[in-house]
Amino acid sequence: MFNSRLNSKPFGVLERGMWVDFVENNEKARRIGYGRLTNKDYEDWYEVPKKSWMSIVSAAFNEALMLFAVSPFELPVRIVRSLLPPIVHRFRIINVDLLGPSLAVLILICMLILGQTEKENTLGAERVVLSYCILLPFFTHVILRCCQAAITFMQLLSLIGYSLYGPVLTLSVSLIIDRERSDTIFFLCLAVFGGLSTLRVVLVLLASLRIPAARLLVCTSVALTQLLFVVWLHFTYLHPTFVFGRGKAVSEND
């Protein structure tokens, strides 16, 4: 299941001459009806009988399962790689899977729920994080499609999902050092971890866009959204003195 040969197949390269390679776990090139076809597959394409609904559902389930087929020894490498800009050749590979992003979402939700128990917040941490993880890739993909960017939705979802390790390290390190009491330590961690993960996303989006105006609009919007989201999570759920919606509560009591 965890075959290293499966992780060495380039899939979805942005365009010829680009320096970013997206790699998927499954070998779609060898599967009939999915992804690229070899010459033999193309010659026998019309001779393939029609598939039943059960075979289609089974194939779709296997495709979804392969997105979580990541070796436990490979996962830390992908996490570290998500915090480094794609400048060196070994960091230009972007793996397309859902195991790493799902783990980042789970850790972030658990951390915010832990901080929420000590504060009176009406907003659920799980709903906020899941809404962010769904809405940001969706709207970014719509804008990128309008700008004719050479990147698919799964590639963008995996890229933004792995960038969540920047907020996870930012909040966890500042929580361990001084329990989120010092804003200086938090913003220092945000500049290091959050800045590195956001820079990687911005550089990949720059490589996929051709229109200069679109590069400025999309990259600036995504970068500000990611960084401001971490700041909002810090003050809303983990900061010991800041209370979300305090002004409204005071006005109602008056």
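At what angle do the axes of α8 and α9 cross? In this predicted model, the two axes come within 10 Å and cross at roughly 150 degrees. Axes here are lines fitted to C-alpha atoms, for helices over the stretch in contact, and angles run from 0 to 180 degrees between N-to-C directions. Angles under 35 degrees count as roughly parallel, over 145 as roughly antiparallel, 65 to 115 as roughly perpendicular and the rest as oblique. α8 and α9 are therefore roughly antiparallel to each other.

Residues are numbered from 1 along each chain as its sequence is written, and side-chain values use heavy atoms, with hydrogens and water left out. Local features need pLDDT of at least 70, side-chain atom pairs count only at pLDDT 80 or more, and totals for chains, interfaces and linings use all residues.

Helices (H or I, at least four residues) and strands (E, at least two) are DSSP runs, numbered from the N terminus. α8 spans 183–208, and α9 spans 212–238. An unreviewed UniProt entry places the feature "transmembrane region" at five stretches, 184–209 and 216–235 among them. Such annotations may be inferred rather than shown by experiment. Over residues 184–209 the chain is 96% helix and 0% strand, with end C-alpha atoms 35 Å apart. Residues 216–235 are 100% helix and 0% strand, and there the end C-alpha atoms lie 28 Å apart.

The structure holds three cavities of 30 Å³ or more. A cavity is a set of points, on a 1 Å grid over the protein atoms alone, where a 1.4 Å probe fits but cannot get out; lining residues have an atom within 4 Å of a point. Grid points are joined across faces, edges and corners, and a volume is the space filled by probe spheres set on the points.

The largest cavity contains about 110 Å³ of space. Its lining has 13 residues, with Arg78, Ser82, Ile94, Tyr162 and Arg200 nearest its centre. α3, β2, α6 and α8 each give two or more residues to this lining. By class, five are nonpolar, five polar and three charged (Ala, Val, Leu, Ile, Met, Phe, Trp, Tyr, Cys and Pro count as nonpolar, Asp, Glu, Lys and Arg as charged, and the others, Gly among them, as polar).

The second largest cavity has a volume of about 70 Å³. Its lining includes Tyr132, Ser163, Gly194 and Phe229. α8 and α9 are the elements that give two or more residues. α9 gives the most, with four. This lining has six nonpolar, five polar and no charged residues.

Technical notes:
On a 1 Å grid over the protein atoms alone, a cavity is a set of points where a 1.4 Å probe fits but cannot get out, and a pocket is an open set with protein on both sides within 12 Å along at least five of seven lines; lining residues have an atom within 4 Å of a point.
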